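Please open the model in a viewer and keep the selection panel at hand.

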Amino acid sequence: MIIRVRTPQKQHRVELDASSDIAVLRKKISELLSVPPDAFQLTRDPKGNQLVVQSVGVTVAALGLRNGDLIFATPSSAAGTTNAATATTPETEKVPPRLVDQDPVDDYLERQTGQIKRSASPLCKHGALGMCDYCMPLEPYDAKYLEENKIKHMSFHAYLRKMITQNKTPPPGSQHFIPPLDVLDLSVKIPCPSKSHEPYPAGICTKCQPSALSLQSQSFRLVDHIEFETPSLIENLLQFWRSTGYQRFGYLYGRFEPYSEVPLGVKAVVSAIYEPDQAGAKDGIQINMEDPQNANVDELAKLLGLTRVGMIFTDLTDDGTSTGKVICKRHSESYFLSSAECIFAAQQQSQHPVKSRFSETGNFGSRFVTCVVSGNEEGNIDISSFQVSNTCMAMVKAGIIEASVNPSLMRVKESTSKHYVPDVFFKYKNEYGIMVQEAAKPTFPIEYLLVAVTHGFPANPSPMFISSPSFPIANRQAIGVSQTMDALKSHLHSNSSLATALSDFHALLYLKESHILEKDDIALAAEVARTKATESEVALTSRGSWRTLITILGEGSDPMQTDELPGRGGSSSTSGGRGVSAGAGTSSASWACEHCTFVNVGTASSCEMCGLPRDGR
C-alpha cells in the first residue's frame, strides 16, 4: 500500500505493507526528512488536532489507514521538554476503540441494560401486561432514585450511560462515533494549535493554555465497593502494629466484579495483601517505591488472575486505657485523607488507569482504592476507603498542587516563567447560607478531591487462598518473622494436601523468588492454587524442578519426614494424611547421582538432571 505524507515543504509517498508496525512508517518518514523519528508528529489534519496513534505494536491497518490515505508530518516542538505541566505524553494520543482491551467486568456491564425495575403502583390504571410512567423501569442514573437510596456517587457505567444518552453517541463501531468521556488535561498544549507563537515558555495564548478550574465534587466513582475475602487479611496487618506499635503499609491484590447493590456497580474483591519493603514508625511509614520485588509480585498476581486493586495502611494510636481502644484522628472536623496522602493516591491511580473504549485516549480514571485502618468515633478500629477524583489526578500530573502543612488543605502552586498554573476556584456556602465562589489562593479543602467508597466482608466467605496455617509474610524481619526453606518445609508438612499448601500467596511468592522452580512450573503451581485441580497437582509433582525443591528441603532431615513432602517419590495422592506421599504401586526407590548429587526416582539408568550414567562411568 502507499501512504501519502505531506510535510511543510513538500509531499512524499511511502510504500509499505498494511501489516507493518507504525514504527516502520515513522522510520521511513524520518529517512525521507533526514530527521530523527521523534522529531515530528503524525496527524490526520493539517492543523495537527487529530493525532495518529504512535504506540509501538500497532499496525498501519489497525489504525484505519488505507492505500492512498493522506497524513501530515509536522515538526515536534516539544522535543526535549520535560516540564510536568507542559510535556506532551502518549496518554493524550487518540486510540481507536477496537484497540482498547477493557477489563472483563466492563465488557459484561456494557451488555447489561442497567435499568431499575419497579413494581406496579397504586396509580397504575393498566392491566398486568401494561406499563406506564409510574411503573416503567428507571435509568441507572436517575437522580431521584440515587437520592432516595442515599447513593452520593453514581457508578461509572451509570455515568457512561448518562453521557451516551445526553450526547446521542452512536456505537463505538460506527464511523460517526465520538467518545463521550473527556480526559481532563491541565497542561499547556505544545505545540500551540494556533501555531501563532513560539512554544511555551517562550509564548502562550488562550489556545494553548489550560482553562481556569472550578472544583466540585465528582458525581460518579469508578469503583463502588471494596470487599475483603476474609477478615484475616486485616488481622494479619494489625498483628504487626500490635507487636511493634509501628504503622504498616500494603498493596491490595484482587479482581473486579459486578456489584449488585448499586445500578451497574463494580466492586474490588481483595484476595491478598503484599507488604513491600518499608520502614515503619509510630507516626508514619517510609516505603521503598523502587523495590524491584514489586514487579515479581505483579507477575505472580497475573498468573493467579489477580491485579493490584489498591493500597492499605494503618494510622493507629492506642488511647492508653488498656481496653483495646484507639484514638480517633480522622473525622469530619479534621480530615479523612491528608493532602500528602491525596497526592500519593493520585500518583498511584495514574499508574493504574481504567481501559475504556469510550475515551479518546483509551484510558479514563482509575479503580485503584486507598484504604485507611484507623480509629472511629467510638474508639474502635475501622476501615475507611477512598479514591481521589479525576480532577485531582490531572492536577497532580500537571504539577499544579502540593501538600500543605495543614493536612486538611491542599496548596496550589504559583505560576513561574517556566511553569504555568491555571486559576483554581471552589464554591461553598457562607455563614448566610449563600453559595459563593472563592479563589484557591493559596489553599482549598481536600474534600473537593475525595470520592468515598464503601467496604465490607462477604456473608459467606469463599477465599481464594485457604492454607492453614499460612506461610510467613514477607518483609517482617522486624518482628522476628522470616521466610526460609525451613519455614517452607514446615508449611508443606502442616497442610493436608499440596493444593492447600500452595493456596497461599506468600508461599507462592517465596517459591518464585527462590528461582528453584522453572518459570512454567511456577505457572503450574499458581494454577494448582487457583483451581485446586488434582490433575495440575499431579503434573507439578512430576516436574524435575519440583523434585529438586523436595530434595533441597529434605537435606539433613529425618528420612521419614522427608518422604512425606509433596512430590517425593512417584505419583502423588491427595486422599490421605498430611502432605502428599507416593501412591501405591509406584516405584519409590531413589538414588543420588554421583556427578550432580540430584536424587533420582525409580530405576532409570541415567540422571534426570545432568543426563550422566547412573554407575558413574
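The tour begins with the whole chain and then moves to individual sites.

**Before starting**

This is a predicted model, in which local features need pLDDT of at least 70 and side-chain atom pairs count only at pLDDT 80 or more, while totals for chains, interfaces and linings use all residues. Residues are numbered from 1 along each chain as its sequence is written, and side-chain values use heavy atoms, with hydrogens and water left out.

**Stop 1: the whole chain**

Display the protein chain as a cartoon; there are 15 helices and 25 strands in it. Helices (H or I, at least four residues) and strands (E, at least two) are DSSP runs, numbered from the N terminus. Of the 617 residues in the chain, 46% are buried. Buried means under 20% relative accessible area, exposed over 50%, and partly exposed in between, with a 1.4 Å probe and protein chains only. Among contacts (heavy atoms within 4.5 Å) with a separation of 6 or more, 64% are between residues 24 or more positions apart.

**Stop 2: Arg 248**

Select Arg 248, in the loop between helix H5 (232-244) and strand S9 (249-259). Is Arg 248 buried or exposed? Arg 248 has a relative accessible area of 2% and is therefore buried. To show the surroundings, select the residues in contact with Arg 248 beyond its neighbours within four places in sequence, including Leu 237, Phe 240, Glu 275, Ile 312, Ala 474 and Arg 476.

**Stop 3**

Select Phe 220 in strand S7. Phe 220 counts as buried because its relative accessibility is 6%. Lys 152 is 68 residues away along the chain, and its C-alpha atom is separated from that of Phe 220 by 8.1 Å. Leaving aside neighbours within four places in sequence, the contacts of Phe 220 include His 153, Tyr 159, Phe 364, Asn 390 and Val 451.

Phe 220 is also one of the residues that line the second largest cavity; Arg 221, Gln 349, Ser 366, Asn 390 and Val 451 are among the others. Strand S7 (220-221) and strand S17 (381-388) are the elements that give two or more residues to this lining. By class, the lining has four nonpolar, five polar and one charged residues. Here Ala, Val, Leu, Ile, Met, Phe, Trp, Tyr, Cys and Pro count as nonpolar, Asp, Glu, Lys and Arg as charged, and the others, Gly among them, as polar.

The volume of the second largest cavity is about 30 Å³, and a search of the whole structure finds two cavities of 30 Å³ or more. On a 1 Å grid over the protein atoms alone, a cavity is a set of points where a 1.4 Å probe fits but cannot get out, and lining residues have an atom within 4 Å of a point. Grid points are joined across faces, edges and corners, and a volume is the space filled by probe spheres set on the points.

**Stop 4: backbone geometry**

Most residues other than glycine have a negative phi, and most peptide bonds are trans. Select Tyr 200 and Pro 201, which are joined by a cis peptide bond with omega of about 15 degrees. Pro 201 is in the loop between helix H4 (156-167) and strand S6 (213-215). Lys 168 lies in the loop between H4 and S6; its phi is positive, near 50 degrees. Lys 168 counts as exposed, at 74% relative accessibility.

Move to Ser 468 and Pro 469, where the peptide bond is cis with omega near 0 degrees. Pro 469 is in the loop between strand S23 (450-456) and helix H9 (485-494).

**Stop 5: helix H13**

Select helix H13 (residues 534-541), whose buried residues are Ser 536, Glu 537, Leu 540 and Thr 541. These residues lie on the same side of H13 because they cover an arc of only 130 degrees around the axis, the arc being that of the directions from the helix axis to the C-beta atoms. They pack against helix H10 (498-502), helix H12 (519-531) and helix H14 (544-554).

Technical notes:
On a 1 Å grid over the protein atoms alone, a cavity is a set of points where a 1.4 Å probe fits but cannot get out, and a pocket is an open set with protein on both sides within 12 Å along at least five of seven lines; lining residues have an atom within 4 Å of a point.
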